[in-house]
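Subject: Structure handover

Hello,

Here is the structure I promised to pass on. Please open it first, then read the notes below.

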Amino acid sequence: MDFDFPLRKIIHVDMDAFYASVEQHDNPELKGKPIAVGGGSKRGVVSAASYEARKFGVRSAMAGAIARRNCPDLIFVKPRFDRYKEVSMQIRSIFYEYTELVEPLSLDEAYLDVTENKKGNPSATLIAKEIRQKIFDKTGLTASAGISINKFIAKVASDYNKPNGQKTVNPEEVIDFLENLDIRKFYGVGKVTAEKMYRLGIFTGKDLKEKSLEFLNQHFGKGGSHYYNVVRGIHLSSVKPHRIPKSVGAERTFSENLSSEIFMLEKLENIASELERRLQKSKIAGKTITLKIKYSDFTLQTRSKTLPYFIASKDLILETAKELLYQSTLENSVRLLGISLANLNTEKEKEQPKKESVLVQLKFDF
């Protein structure tokens with residue numbers, strides 16, 4: 001198949017169980033054992049789990065008590081974010097040996113555009129292999145990679161042969177790959193969306209491709225056109241070396257559940273102070289304040305308000321957060337509160353990608 005848009009050579013590199021792997025590397029006694037980075041107390045939450053722990057159903061964002069119940073031999077390790085950042089910077093320095101077009105998504109994953117690269121290597125597949133080997137040589141950690149014509153497919157492919165593997169989806173393989181893909185494997189399709197697609201008779205990429213744009217827009221709103229395009233191999237988002245944050249936030253999980261708004265005011269003030277510090281450090285302001293409330297039964301609620309002007313000060317943030325807190329009665333006791341600021345003054349109008357009429361032939365070497 002020919003594509004009527006420019007093809008790129010995109011690599012998505014994803015470290016394998018990054019936080020847990022760092023801990024196992026730094027402490028050989030933990031190697032081969034089920035470990036969880038995070039808190040194992042009643043209030044604790046798992047930040048990351050080793051592959052040995054994942055076999056027992058332990059996952060990130062899981063309550064520590066549930067994780068321990070799933071895996072009685074689970075070893076909890078206190079997170080060391082400074083150490084993870086240090087290792088992440090070592091890994092990132094390897095990426096820059098190949099290209100300046102690096103878009104970090106977090107400490108443990110990034111997109112690289114190697115269409116044109118510093119090594120003059122025409123094979124993105126070989127570049128990914130080299131990068132993974134260099135990461136292992138430098139840090140002792142393994143990484144997985146996905147390689148394809150755009151970010152979406154590369155991201156999906158990187159999960160295909162985890163851990164310590166890679167998968168290339170060549171241009172001529174893209175459509176078959178997407179059509180045969182379980183809808184749950186589509187990046188961005190979460191549990192709720194997948195269940196909705198199941199109800200609509202969409203189980204694979206092929207099922208999704210058979211639905212019209214009108215049908216998808218009707219059932220998925222703005223996401224409809226995205227699903228319509230990606231299943232056809234169309235995803236024109238470029239690798240952005242300097243990702244501009246869409247929101248800035250701060251949150252706190254409490255040692256004991258809070259049952260009254262009165263008890264939450266001091267907590268909100270502390271959160272607003274931390275948010276102000278982060279905004280000032282980044283020289284950012286925003287218009288939309290969102291209050292995040294996680295209840296004791298782990299249900300999540302958000303309340304938002306958009307102001308007609310940009311704010312960054314603690315007092316204005318706190319004033320709006322209080323207003324949102326009292327907007328409606330609490331549904332249960334509260335275990336977490338968070339405040340975030342979006343609609344930032346860093347946002348620019350998104351440029352519409354220009355389609356090129358020239359057909360790119362499949363001799364594009366991967």
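Is E214 buried or exposed? E214 is exposed, because its relative accessible area is 66%, and exposed starts at over 50%. Keep in mind that this is a predicted model. E214 belongs to helix α10, residues 213–220. Y228 comes 14 residues from E214 in sequence, and their C-alpha atoms are 9.6 Å apart in space.

S123 is a contrasting case. This residue sits in the loop between β6 (109–113) and α5 (124–139). S123 is buried, with a relative accessible area of 9%. A polar atom of the S123 side chain lies 3.1 Å from the backbone nitrogen of L126.

Next, the five-stranded sheet.

An open sheet of 5 strands runs in the order β5-β6-β1-β7-β8, with mixed pairing. Its edges are β5 (102–106) and β8 (166–168); each has a single partner strand, so one side of each is left without a neighbour in the sheet. From one strand to the next, the twist averages 15 degrees. β5 and β6 are antiparallel and share 4 bridges. Within that pairing, V102 has L112 in β6 as its bridge partner.

Two helices pack here. α5 touches β1 (10–15), β6, β7 (143–148) and β8, and its direction makes about 165 degrees with that of β7. Helix α6 (residues 151–158) touches β1, β5, β6, β7 and β8. The direction of α6 makes about 145 degrees with that of β7.

Now the four-stranded sheet.

This open sheet has 4 strands in the order β9-β12-β10-β11, and the pairing is antiparallel. β9 (247–258) and β11 (300–311) are at the edges, each with a single partner strand, so one side of each is left without a neighbour in the sheet. Neighbouring strands are turned by 15 degrees against each other on average, direction ignored. β9 and strand β12 (residues 334–344) run antiparallel and are joined by 8 bridges. One of these pairs S247 with A342 in β12.

Helices pack on this sheet too. Helix α12 (residues 261–282) touches β9, β10 (286–295) and β12. The direction of α12 makes about 155 degrees with that of β9. Helix α13 (residues 314–325) touches β10, β11 and β12, and its direction makes about 140 degrees with that of β11.

Strand β2 (residues 35–38) has partners of its own. β2 runs parallel to strand β4 (residues 75–77), with 3 bridges between them. With strand β3 (residues 46–49), β2 pairs in the antiparallel sense, over 3 bridges. A36 takes part in both pairings: A36 stands opposite F76 in β4, and its bridge partner in β3 is A49.

On to the cores.

The largest nonpolar core has 57 residues. Its members that touch the most others are I11, F18, F95, L112, I135, F186 and L208. Take F95: leaving out residues up to four places away in sequence, F95 touches V13, V102, A110, L112, I131 and I135. Another core, of 28 residues, lies apart from the largest one, and L279, L318, L324 and L341 are among its members. In soluble globular proteins, nonpolar side chains tend to be buried together.

Last, the aromatics.

The count is 9 aromatic pairs. F18 and Y19 form a tilted pair, 5.9 Å centre to centre with 50 degrees between the planes. F18 is buried at a relative accessible area of 2%. Y19 is buried at 19%, where the limit for buried is under 20%. Y19 also pairs with Y84, and this pair is stacked: 4.3 Å centre to centre, 10 degrees between the planes. That pair links distant parts of the chain, with Y19 in helix α1 (residues 18–26) and Y84 in helix α4 (residues 81–95), 65 residues apart. Y84 is buried, with a relative accessible area of 0%. Ring pairs join F18, Y19, F81 and Y84 into a cluster.

Best wishes

Technical notes:
Residues numbered from 1 in each chain as written. Predicted model: local features only at pLDDT ≥ 70, side-chain atom pairs only at ≥ 80, totals over all residues. Heavy atoms only, no water. Pairing = 2+ DSSP bridges. Core = buried A, V, L, I, M, F, W, Y, C linked by side-chain atoms within 4.5 Å. Buried < 20%, exposed > 50% of the residue type's maximum accessible area, 1.4 Å probe, protein only. Contact = heavy atoms within 4.5 Å. Polar contact = N/O pair within 3.5 Å; in protein donor to acceptor, adjacent residues only side chain to side chain. Axes fitted to C-alpha atoms, helices over the stretch in contact; angles between N-to-C directions. Phe/Tyr/Trp six-rings, centres within 6.5 Å; stacked < 30°, edge-to-face > 60°.
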